[in-house]
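Dear colleague,

I am handing over the structure we spoke about, and I would be glad if you could look through it alongside the notes in this message.

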Amino acid sequence: MRSSKTVSEVARELELNPETLRGWVKKYQKQQEPAPGAELTVSERARLKELERRNRELEMEATFLKKAAAYFVKDPR
């Protein structure tokens, strides 16, 4: 999974049928995907909370900068 080699190259090295290995890789990838509607883990919830906080912070900064830019456009000194 972490190799830059193709499935065929790895299969050849392991003396496996490439389609067998490809099937195993697809099955593994499918197992790694979260189930639809699955609950978030504790670390995922913490990360989401931190990202939402950072997003609010950036939105406030953007709003302030827009207001400041509008002020200086109206009153250039």
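Below is what was found in it, from the overall form down to single side chains.

Please keep in mind throughout that this is a predicted model. The secondary structure comes to three helices and zero strands, and along the sequence the protein follows the pattern α-α-α. The radius of gyration is 25 Å, well over the 11 Å that the globule rule gives for 77 residues, so the protein is more spread out than a compact globule. Along the principal axes, the C-alpha atoms fill a box of roughly 75 × 30 × 15 Å. Of the 77 residues, 4% count as buried, and the protein exposes about 7500 Å², with carbon and sulfur atoms supplying 57% of that area.

Asn17 caps the N-terminal end of H2, with a side-chain oxygen 2.7 Å from the backbone nitrogen of Glu19. H2 itself has 15 residues and reaches 21 Å from its first C-alpha to its last, close to the 21 Å expected at 1.5 Å a residue.

A search of the whole structure finds five salt bridges. One of them joins Glu19 to Arg22, with the closest N and O atoms 2.5 Å apart; these two residues are three apart in helix H2 and therefore separated by about one helical turn. Glu19 is exposed at 53% relative accessibility, whereas Arg22, at 26%, is partly exposed.

In helix H3 (residues 42-74), Arg53 and Glu57 lie four residues apart, about one turn of the helix, and their side chains meet in a salt bridge at 2.9 Å, N to O. Glu57 also meets Arg54 in a salt bridge, at 2.4 Å, these two being three residues apart in H3. Glu50, Arg53, Arg54 and Glu57 are linked in a network of salt bridges.

Finally, the search for aromatic pairs finds one in the whole structure: Tyr71 and Phe72 are edge-to-face, with 5.3 Å centre to centre and 80 degrees between the planes. Tyr71 is partly exposed at 44% relative accessibility, while Phe72 is exposed at 56%.

How values were computed: Residues are numbered from 1 along each chain as its sequence is written. This is a predicted model: local features need pLDDT of at least 70, side-chain atom pairs count only at pLDDT 80 or more; totals for chains, interfaces and linings use all residues. Side-chain values use heavy atoms; hydrogens and water are left out. Rings of Phe, Tyr and Trp (its six-membered ring) pair if their centres lie within 6.5 Å; planes under 30 degrees apart count as stacked, over 60 as edge-to-face and the rest as tilted. Buried means under 20% relative accessible area, exposed over 50%, partly exposed in between (1.4 Å probe, protein chains only). The expected span of a helix is 1.5 Å times one less than its number of residues. A polar contact is a pair of N or O atoms within 3.5 Å; within protein, one must be able to donate a hydrogen and the other to accept it, and residues adjacent in sequence count only if both atoms are side-chain atoms. The radius of gyration is taken over C-alpha atoms; the globule rule is 2.2 Å times the number of residues to the power 0.38. Accessible areas come from the Shrake-Rupley method with a 1.4 Å probe; for residues, only the protein chains shown count as cover. A salt bridge is a side-chain nitrogen of Lys or Arg within 4 Å of a carboxyl oxygen of Asp or Glu.
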